[in-house]
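Welcome! Let us learn to read a protein structure together, one feature at a time.

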Amino acid sequence: MLQLRLPFTHEIEVAATPQATFALLADVPDSAAHFPQLEAVLPAPQGAWTWKLEKIGIGKVFVQTTYALRYTQRPEEHTILWEPVPGVGNGVSRGSWVIRETPRGAQVRFENVLEVKFRGLPSLLRRGVEPFAIKENARIIRAYMANIAQTLSGGDGRVQ
């Protein structure tokens with residue numbers, strides 16, 4: 001079994017207030033509508049959400065990542081935290097959105113660690129797969145954040 005750990009941190013500046021930014025990011029379905037290569041985000045028991053990403057791959061090897069998250073929203077701090085729901089899918093994700101006021105709007109910091117297990121893929125593939133997975137994860141999240149910024153700047157960055 002191939003196991004990967006994909007940490008990622010990125011910041012963007014948006015032209016919206018911290019309150020408007022928090023409102024968009026706290027609305028999981030609306031925020032997820034900005035996420036490229038997302039097959040579905042579905043409500044799960046006890047206020048959690050299940051994320052199912054589209055299949056990605058190289059050559060004839062394709063993988064799909066699924067995980068569930070439980071969110072903690074702290075509106076007074078403009079912070080949103082997420083933790084994994086154990087036993088759902090092949091991945092776990094843990095991270096946060098932290099929003100800070102700036103003179104022109106808000107600074108948005110995204111931190112996430114995604115850990116994924118791909119059954120049926122030998123760990124020997126790590127050398128070839130891990131750099132691709134890290135790069136692809138970063139590309140997708142940067143696009144997600146650019147889409148969020150587009151919406152918060154008066155456009156519509158939703159892809160879903």
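Predicted model: local features only at pLDDT ≥ 70, side-chain atom pairs only at ≥ 80, totals over all residues.

Q: How do I read a pair of aromatic rings?
A: A pair of aromatic rings is described by how far apart the centres are and by the angle of the planes. A search of the whole structure finds 9 aromatic pairs. In one of them, tryptophan 82 and tryptophan 97 sit edge-to-face, with 6.3 Å centre to centre and 65° between the planes. This pair links distant parts of the chain: tryptophan 82 belongs to strand E7 (residues 79-84) and tryptophan 97 to strand E8 (residues 91-102), 15 residues apart.

Q: Which residues do ring pairs link into a cluster?
A: The cluster consists of Phe8, Phe35, Trp51, Tyr67, Tyr71, Trp82, Trp97, Phe110 and Tyr144.

Q: Where is glutamate 111 found, and what does it touch?
A: Glutamate 111 is part of strand E9 (residues 105-118). Not counting residues up to four places away in sequence, glutamate 111 touches Phe8, Thr9, Trp82, Arg94, Gly95 and Ser96. Notice Trp82 in that list, a residue of the aromatic cluster. Phe8 is worth a look as well: glutamate 111 and phenylalanine 8 are 103 residues apart in sequence, and their C-alpha atoms are 5.9 Å apart in space.

Q: Which residue joins its side chain to that of glutamate 111 in a polar contact?
A: That is arginine 109; the polar contact between the two side chains is 2.6 Å.

Q: Why does glutamate 111 count as partly exposed?
A: Partly exposed covers the range between buried, under 20%, and exposed, over 50%. Glutamate 111 has a relative accessible area of 33%, so it is partly exposed.

Q: What about a residue in a loop, such as threonine 65?
A: Threonine 65 lies between strand E5 (61-63) and strand E6 (66-74). Threonine 65 is buried, with a relative accessible area of 10%. Leaving aside neighbours within four places in sequence, its contacts are Trp51, Lys52, Leu53, Asn90, Leu114, Val116 and Phe118.

Q: Where is asparagine 147, and is it buried or exposed?
A: Asparagine 147 is in helix H3 (residues 126-152), and at 14% relative accessibility it counts as buried. Beyond its neighbours within four places in sequence, asparagine 147 is in contact with His34, Pro36, Gly157 and Val159.

Conventions:
Residues numbered from 1 in each chain as written. Heavy atoms only, no water. Helix = DSSP H or I, 4+ residues; strand = E, 2+ residues; numbered from the N terminus. Buried < 20%, exposed > 50% of the residue type's maximum accessible area, 1.4 Å probe, protein only. Contact = heavy atoms within 4.5 Å. Polar contact = N/O pair within 3.5 Å; in protein donor to acceptor, adjacent residues only side chain to side chain. Phe/Tyr/Trp six-rings, centres within 6.5 Å; stacked < 30°, edge-to-face > 60°.
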